[in-house]
Amino acid sequence: MTEKKVQTTVYLTRKQADGLARLTFQTNVPSAVYIRQGVDHVLRLHCTHEVVVDGTVTSGTKRCVECGAVMKAKRK
Ligand SMILES: [Zn+2]
């Protein structure tokens, strides 16, 4: 899945930048990959999709069809 990407600029703390540089060095995975994973994580955590929820995983647990976030409140 090669999705078109847009450029952005973010400021990180020194600690975040050092940790990311270390991780990138040790794994040989580009830092942008980790940053995108982090953004996906936050977007799932704070789902803002206005979609009909679907896919009951376990009894009473509904997930957003767009991002897989567990829905807390009943949405239709
Ligand atoms: Zn969602």
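Of the 76 residues in this chain, 1% count as buried, where buried requires 20 or more other C-beta atoms within 10 Å of the residue's own, exposed 12 or fewer, and partly exposed lies in between, with C-beta atoms placed from the backbone. Before going on, please keep in mind that this is a predicted model, in which local features need a pLDDT of at least 70, side-chain atom pairs count only at pLDDT 80 or more, and totals for chains, interfaces and linings use all residues. Numbering starts from 1 along each chain as its sequence is written.

Let's talk about confidence. The pLDDT is the predictor's confidence in each residue, from 0 to 100, and the chain averages 84, with 79% of the residues scoring at least 70.

Now the layout. The chain has 2 helices and 2 strands, and from the N terminus on the order is α-α-β-β. Helices here are DSSP runs of H or I with at least four residues, strands are runs of E with at least two, and both are numbered from the N terminus.

Let's take the helices in turn. The expected span, by the way, is 1.5 Å times one less than the number of residues. H1 is hardly covered, with a count of 0 buried residues.

Just after H1 comes Asn 28, with a positive phi of about 60 degrees. Asn 28 sits in the loop between H1 and H2. Is Asn 28 buried or exposed? Exposed, because 6 other C-beta atoms lie within 10 Å.

On to H2, residues 31-45. Its 15 residues should span 21 Å, and the end C-alpha atoms agree, at 21 Å apart. The number of buried residues in H2 is 0, so this helix lies largely in the open.

Ser 31 and Leu 20 are 11 residues apart in sequence, with 6.4 Å between their C-alpha atoms. Ser 31 counts as partly exposed because it has 14 C-beta neighbours inside 10 Å.

Ile 35, also a residue of helix H2, has Leu 20 at 8.8 Å, C-alpha to C-alpha, across 15 residues of sequence. With 15 C-beta neighbours inside 10 Å, Ile 35 is partly exposed.

Further along helix H2 we find Asp 40. Asp 40 counts as exposed, because its C-beta neighbours inside 10 Å number 12. What separates the C-alpha atoms of Asp 40 and Cys 67? The distance is 8.5 Å, for two residues 27 apart along the chain.

One last number, on contacts across the whole chain. Among those with a separation of 6 or more, residues 24 or more positions apart account for 11%. Thanks, everyone, and over to you for discussion.

Key:
Contact = placed C-beta atoms within 7 Å.
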